[in-house]
Amino acid sequence: RLDREYLRGFYQLARVLGAAGKVATGAEILDEPELARLLGKTEVEYQKGVFFYAVKRPFDAITHLRNVQSKKADDFGLHSILVQAYRDIGSSEGERKMLQRLVDIDDGRVRREMPWVYADLGRIYERDGYTTNAADLYEKYVQALPDDSLSAVFRKKIDAWKVAEKAGAKR
């Protein structure tokens with residue numbers, strides 16, 4: 001019986017082949033039925049998504065990762081890859097949903113390791129006219145990185161929105 005770590009080496013081999021331009025060969029390795037039998041369909045499907053993202057095929061990556069998303073609903077890595085894949089294909093709605101999912105999964109981790117998630121999600125909300133949501137996210141970014149130059153920009157926006165809100169309430 002082969003151990004699981006040995007089998008995971010096949011995923012690495014597939015990614016190396018893909019990076020060398022042998023995408024079909026890498027994909028063929030991941031399609032090996034024995035891998036799914038030994039490691040489970042969910043894990044193989046997840047690894048296919050990672051593989052296709054690594055070889056710059058975001059549509060294929062999204063397809064495979066969405067197949068396992070419900071089974072790995074709290075998988076931070078899966079949703080991080082989906083953010084990038086949706087960004088790569090220009091789907092701001094998909095990107096927004098995955099950024100929000102990262103915050104929902106582990107807001108503390110986002111604050112510590114990935115505060116850019118707040119900035120990016122805030123920009124999407126701002127662009128779509130949801131300035132209250134954007135302000136909340138920009139404030140989280142400012143709290144995470146108070147001395148960052150972007151924090152100064154966000155503080156100005158938040159202050160301007162507060163002034164506009166007060167002016168609108170006085171009418």
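This is a predicted model: local features need pLDDT of at least 70, side-chain atom pairs count only at pLDDT 80 or more; totals for chains, interfaces and linings use all residues.
**Entry 1: glycine 26**

I opened with glycine 26, which is buried at a relative accessible area of 0%. For the notebook, buried means under 20% relative accessible area, exposed means over 50%, and partly exposed is in between (1.4 Å probe, protein chains only). Residues are numbered from 1 along each chain as its sequence is written, and side-chain values use heavy atoms, with hydrogens and water left out.

Glycine 26 belongs to helix 2 (residues 23-30). Helices here are DSSP runs (H or I, at least four residues), numbered from the N terminus. I then looked up what glycine 26 touches: leaving aside residues up to four places away in sequence, the list is Ala14, Leu17 and Phe51. Contact means heavy atoms within 4.5 Å. I also checked arginine 8, which is 18 residues from glycine 26 along the chain; their C-alpha atoms are separated by 13 Å.

**Entry 2: helix 4**

Phe51 took me to helix 4, where it is one of the buried residues. How many of the 14 residues of helix 4 are buried? I found 10, so the helix is mostly covered. The buried set is Glu43, Val44, Glu45, Tyr46, Gln47, Lys48, Gly49, Val50, Phe51 and Phe52.

Helix 4 covers residues 41-54, and its end C-alpha atoms are 20 Å apart, which agrees with the 20 Å that its 14 residues should span at 1.5 Å a residue. The expected span is 1.5 Å times one less than the number of residues. Just after helix 4, I noted lysine 56 with a positive phi of about 60 degrees.

**Entry 3: lysine 72 and other charges**

Tyr46 of helix 4 is buried, and I wanted to know what sits over its ring. The charged end of lysine 72 does, 4.5 Å from the ring centre. The rule for this asks that NZ of Lys or CZ of Arg be within 6 Å of the ring centre and within 35 degrees of the ring normal.

Side chains of opposite charge can pair when their charged atoms come close, and lysine 72 has such a partner: it meets aspartate 75 in a salt bridge (3.4 Å, N to O). A salt bridge needs a side-chain nitrogen of Lys or Arg within 4 Å of a carboxyl oxygen of Asp or Glu. Both lysine 72 and aspartate 75 are buried. By this rule I count 14 salt bridges.

I looked at two others. Arginine 57 and aspartate 60 form one, with their closest N and O atoms 2.6 Å apart. Arginine 57 is partly exposed at 35%, and aspartate 60 is partly exposed at 27%. Arginine 87 and glutamate 95 meet in another at 2.7 Å, N to O. Here arginine 87 is partly exposed at 30%, whereas glutamate 95 is buried at 11%. Shared partners join Arg87, Glu95, Asp120 and Arg123 into one salt-bridge network.

**Entry 4: helix 9**

Helix 9 (residues 116-127) has 12 residues and reaches 16 Å from its first C-alpha to its last, close to the 16 Å expected at 1.5 Å a residue. Just after helix 9, glycine 129 takes a positive phi of about 90 degrees.

**Entry 5: aromatic pairs**

My search of the whole structure gave 5 aromatic pairs. One of them joins tyrosine 125 and tyrosine 130 edge-to-face, at 6.4 Å centre to centre with 90 degrees between the planes. Rings of Phe, Tyr and Trp (its six-membered ring) pair if their centres lie within 6.5 Å; planes under 30 degrees apart count as stacked, over 60 as edge-to-face and the rest as tilted. Tyrosine 125 is buried at 12%, while tyrosine 130 is partly exposed at 48%.

Tyrosine 138 and tryptophan 161 are stacked: 6.0 Å centre to centre, 15 degrees between the planes. Tyrosine 138 is in helix 10 (residues 131-144) and tryptophan 161 in helix 11 (residues 149-170), so this pair ties together parts 23 residues apart in sequence. Tyrosine 138 is buried at 0%; tryptophan 161 is partly exposed at 21%. Ring pairs link Tyr138, Tyr141, Phe154 and Trp161 into a cluster.

**Entry 6: serine 151**

Tyr141 came up again when I looked up serine 151, which touches Tyr141, Val142, Leu145 and Pro146, not counting residues up to four places away in sequence. Serine 151 lies in helix 11 and is buried at 0%.

How values were computed
Helices (H or I, at least four residues) and strands (E, at least two) are DSSP runs, numbered from the N terminus.
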